[in-house]
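Please work through them with the structure open beside the text.

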Protein chains: 2
Amino acid sequence: MKSVIGWGFIGAGGITKRVMNDFKELSDAKLVAVFSRTEANAVQLAQPYGAKAYTDCEAMIRNPEVDAIYIATPHHLHMEHACLALELGKPVLCEKPFAPNAAQVRKMVEKARETGTYLMEAMWTRFFPVTRKVMQWVSDGTIGDVHYLTADFGFSAAENPQSRLFNPDMAGGSLLDVGVYAVSYASMVFGSKPVEVLSRSRSTSTGVDARMACLLEYENGQMASLFSSISTSTPQEVRIIGTKGHIEVPRFWSPREARLFIGDRLEDTIKDERTGEGFGYEFTAVHEDLRSGRKENALITLDESIAVAETLDTLRAQWGLVYPFEG
Amino acid sequence: MKSVIGWGFIGAGGITKRVMNDFKELSDAKLVAVFSRTEANAVQLAQPYGAKAYTDCEAMIRNPEVDAIYIATPHHLHMEHACLALELGKPVLCEKPFAPNAAQVRKMVEKARETGTYLMEAMWTRFFPVTRKVMQWVSDGTIGDVHYLTADFGFSAAENPQSRLFNPDMAGGSLLDVGVYAVSYASMVFGSKPVEVLSRSRSTSTGVDARMACLLEYENGQMASLFSSISTSTPQEVRIIGTKGHIEVPRFWSPREARLFIGDRLEDTIKDERTGEGFGYEFTAVHEDLRSGRKENALITLDESIAVAETLDTLRAQWGLVYPFEG
């Protein structure tokens, strides 16, 4: 792999602009190509970085300067774009949720394995220094045995049937937009899929989940209570609760701080004094994987991405939420 | 009712000693009598206050200086003691949980109504200035519509089959010891019984619940995730989460502080600068009721105590937890 990795971005919406603010600070990566169906968007994102704008996705991927692909289209398009890139032998970092359902995630993973090409879900949360330290506290037994985890991720959006968030055709709803962070976090901490999923949700007028709460039970009796919403302003915090103490992670999905409590005494606080949102961490992880010739990332394996997608499927099945394209 | 109300205490264990630390600061109440099956305990509690020690419960209740009875025996004995006091026409403040199951609570309530005698569950949480302010924020719509509530109450105790906490014959377990606070808090905020109860628990080796998690759904789609444990050191916090913001109440069961967030901005903090644990508030509430001739308290009605007991029953039924005396 080259010392500076050339990236091609698929999608030129709000998320890619946020990502670029962090990405441009990386010394070992550069944006070389951008695809968007809307030419103006592709040009607008590409131009400041001297990257090439495309409205032909395959041509962009084939560009020999493109060493890796980042996919940030709406999630109902991820599978198509990921499989195309993998087919063409380009490593892929694909936004979360990997795809709207486990069947699509499995197809992407099969394609990666079939072609021997790198694939990773852009679950950026896992790559923050704060998250890594939290996981170290957990695995060191600092808070004893973990019995319980709570996570909530909600914000209050005005209901707008035109917006992706509320659109069933685009796999809208709270679960896939933000709930996936909570489910994935529980998966990371407990290291397995829940054996039991109990849940309730409420719908938007457009028929996607406005909010949901679930209780997950894991094999050894650990439990997680998760909440997601696009109509509720929540604290957006994870709490990992053990026999001896607990850990609090405010804004856990992009954390700047975590607090360790032993009993009710604040024992330690760690901080990430980064500037920017922190998208750089996951790109650096991909770079390390690519340079080491790994086909997937150890902190978010493909099997775990499948397992998380299966939990999301189970939740939606309990609510009877089927997207039109799943017909 | 006299200007200084004479109280008789039933039970002289750890809880009555804590209560007395606050009770003795009240200007309009005095301890006049104490009953305990163990004479030394009765004397030890009564003597410093010039109260009379009894090992005959009925005789203590009949003492004409006793205007009101406070019951702080283990909860499997509450019904017997409460019904005796009510039968003798003495107003009763009875520790939480009111009784180990709804059938016993209903018998106590029937006895109160039959005899026209005052009865109140000592759910002291409701009478703190912080709790009252929190409920005002909720009812004022300060955080918008409430969608979700979380509450946890857990501490880590060494498993000891001799201890009340772990003893099925004494209705041990996390739910009745501390979970009741979480269930009662949700009942207070949502003003009704859940229409759906989903839960899981884990047992101690003695067969009571070491910990439990539940997801409660209310009629209008509000949800609560509650956790209780006698083997887990939890934050012991309530969060009430709405469309516009949320409220955090650390140590919600005996709160000194509550924080109001609008979006993610800390908007207001209220504090209770009391000395002591705060048991005085509930006694003052009883005094006001008695002086006004009320037969129950408006902040914790008897019907609500029954409803909470029914929810606790539902939870235990889901786990198959039956106490030996429930045969």
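**Exercise 1.** Determine how many aromatic pairs there are over all chains, and classify the pair formed by Trp124(A) and Trp253(A).

*Solution.* Rings of Phe, Tyr and Trp (its six-membered ring) pair if their centres lie within 6.5 Å, and planes under 30 degrees apart count as stacked, over 60 as edge-to-face and the rest as tilted; by this rule the count over all chains is 38 aromatic pairs. The model is predicted, so local features need pLDDT of at least 70 and side-chain atom pairs count only at pLDDT 80 or more, whereas totals for chains, interfaces and linings use all residues. Side-chain values use heavy atoms, without hydrogens and water. For Trp124(A) and Trp253(A), the separation is 6.2 Å centre to centre and the angle between the planes is 55 degrees, which makes the pair tilted.

**Exercise 2.** Decide whether Trp124(A) and Trp253(A) are buried or exposed.

*Solution.* Buried means under 20% relative accessible area, exposed over 50% and partly exposed in between (1.4 Å probe, protein chains only). Trp124(A), at 2%, is therefore buried, and Trp253(A), at 10%, is buried as well.

**Exercise 3.** Describe how helix H7 (residues 174-190) and helix H9 (residues 302-319) of chain A are arranged.

*Solution.* The axes, lines fitted to C-alpha atoms over the stretch in contact (heavy atoms within 4.5 Å), come within 10 Å and cross at roughly 125 degrees. Angles under 35 degrees count as roughly parallel, over 145 as roughly antiparallel, 65 to 115 as roughly perpendicular and the rest as oblique, so H7(A) is oblique to H9(A).

How values were computed: Residues are numbered from 1 along each chain as its sequence is written. Chains are lettered from A and ligands numbered from 1 in the order in which they are written. Axes are lines fitted to C-alpha atoms, for helices over the stretch in contact, and angles run from 0 to 180 degrees between N-to-C directions. Helices (H or I, at least four residues) and strands (E, at least two) are DSSP runs, numbered from the N terminus.
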